Amino acid sequence: MTVYLVGAGPGDADLLTVRAARLLGDADVVVRDRLIDESVVGFVNPEAEIVYVGKTPGGSSTQEAINELLVAYGQRHDTVVRLKGGDPFVFGRGGEELIALHEAGVACDVVPGLSSALSGPLAAGIPVTHRGLSRGVTIVSARGAHGDVTNFRMLANAELSLVILMGVEQRGVISDQLIEGGLSEETPVAVVEQAWTGQQRTTRGRLKDLGSFDVRPPAVIVVGAVASLDLRSLSILDVAMI
Ligand code: SAH
């Protein structure tokens, strides 16, 4: 009897790990999130019970209720898969669920998934690091545990790429604070919506204009020199200019 916290990756099911696909096929119960591509459901054991715990912002199932549900299923079934978008340990509250399961004495394990934090930019041809353009990457949520907005002034650093999750609503504040913190108004930005799904869309521009981008969640925001690259649709002419 084990509960597996499984990362589903960012979208399309062919980005699942082999282990995730195997566990979905073996599952007696699958407890799934809102941000899971329907293609992933095709890997689920047809006999399995699928439980939907769509946690909309400010919405229905609370984390406590989800934890209790996982414990209850974990005590009754052989293989329970808690399926989470992206990677379970990247803003997925997977850590909290594992702690709750441990405390209840339910066996559990965790399976990594491709996080939208890295695969989202890549979907748009953006390498989060690139020699000479970016010496590293900061991954940050726009909001803290109590809904407070992250202090983006502190995160202004022209040598690092910045990848922001859950930031669409706060894009105006993000832009203002990064500029106040010292980033150039002309810093390239890109917003990648619904990466690795049929609805993927990328909007590019300059930091000073981020607040007026016409974009919707789920999306990752990339700030930094790399955001102007699109290495998935390069011409030879572009290569010469990088
Ligand atoms: N554990 C997830 C992140 C959960 S937080 C992961 O590792 O990807 C939810 C946020 O992730 C969204 O608000 C959005 O910023 C980002 N996100 C998740 N899936 C995405 C996708 N397919 N495309 C772009 N952003 C995505």
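This is a predicted model: local features need pLDDT of at least 70, side-chain atom pairs count only at pLDDT 80 or more; totals for chains, interfaces and linings use all residues.

Analyst: Start with helix H3, residues 63-76. Its buried residues pack against strand E1 (2-7), strand E2 (29-32), strand E3 (49-52), strand E4 (79-84) and helix H4 (94-103).

User: Which residues of H3 are buried?
Analyst: Gln63, Ile66, Asn67, Leu70, Val71, Tyr73 and Gly74.

User: How far apart are the end C-alpha atoms of H3, and what span should its residues give?
Analyst: The ends are 20 Å apart. At 1.5 Å a residue, the 14 residues of H3 should span 20 Å, so the two values agree.

User: Now E4. Is Thr79 buried or exposed?
Analyst: Thr79 is found in strand E4. Its relative accessible area is 16%, so Thr79 counts as buried.

User: What does Thr79 touch?
Analyst: Leaving out residues up to four places away in sequence, Thr79 touches Thr2, Tyr4, Leu23, Asp26, Ala27, Asp28 and Val29.

User: Switching to the cores. Which residues of the largest nonpolar core touch the most other members?
Analyst: Phe152, Ile164, Ile174, Leu178, Leu210 and Val223. That core has 18 residues. At least two residues each come from strand E7 (161-165), helix H6 (171-180), strand E8 (188-193) and strand E10 (219-223).

User: Which element gives the largest share?
Analyst: E10, with three residues.

User: Take Ile164. What does Ile164 touch?
Analyst: Val140, Ala142, Phe152, Ile174, Ala219, Val220, Ile221 and Val223, with residues up to four places away in sequence not counted.

User: What follows H6?
Analyst: Gly182, with a positive phi near 120°.

User: Which other residues have a positive phi without being glycine?
Analyst: Arg93 is one, with phi near 60°. Arg93 sits in the loop between E4 and H4. It counts as partly exposed, because its relative accessibility is 35%. Gln194 is another, with phi of about 45°. Gln194 is placed in the loop between E8 and E9. At a relative accessible area of 29%, Gln194 is partly exposed.

User: Where is the cis peptide bond?
Analyst: Between Pro217 and Pro218, with omega about -5°. Pro218 is in the loop between strand E9 (201-206) and E10.

User: How about E9 itself. Is Thr203 buried or exposed?
Analyst: Thr203 lies in strand E9. Its relative accessible area is 19%, and buried means under 20%, so Thr203 counts as buried.

User: Which residues does Thr203 touch?
Analyst: Val189, Ala190, Val191, Glu193, Phe213 and Val215, again not counting residues up to four places away in sequence.

User: How far is Thr203 from Ile221?
Analyst: They are 9.5 Å apart, C-alpha to C-alpha. Along the sequence they are 18 residues apart.

User: Which residues line the largest cavity?
Analyst: Val30, Arg32, Ile36, Val41, Val44, Ile50 and Leu83. That lining divides into six nonpolar residues, no polar residues and one charged residue.

User: Last one. Where is Thr17?
Analyst: In the loop between E1 and helix H1 (18-26). Thr17 is partly exposed, with a relative accessible area of 31%. Setting aside residues up to four places away in sequence, Thr17 touches Val111 and Pro112.

User: How far is Thr17 from Arg143?
Analyst: Their C-alpha atoms are separated by 29 Å. Along the chain the two are 126 residues apart.

Technical notes: Residues are numbered from 1 along each chain as its sequence is written. Side-chain values use heavy atoms; hydrogens and water are left out. A nonpolar core is a set of buried Ala, Val, Leu, Ile, Met, Phe, Trp, Tyr and Cys residues joined through side-chain atoms within 4.5 Å. Buried means under 20% relative accessible area, exposed over 50%, partly exposed in between (1.4 Å probe, protein chains only). Helices (H or I, at least four residues) and strands (E, at least two) are DSSP runs, numbered from the N terminus. Contact means heavy atoms within 4.5 Å. On a 1 Å grid over the protein atoms alone, a cavity is a set of points where a 1.4 Å probe fits but cannot get out, and a pocket is an open set with protein on both sides within 12 Å along at least five of seven lines; lining residues have an atom within 4 Å of a point. Ala, Val, Leu, Ile, Met, Phe, Trp, Tyr, Cys and Pro count as nonpolar, Asp, Glu, Lys and Arg as charged, and the others, Gly among them, as polar. The expected span of a helix is 1.5 Å times one less than its number of residues.
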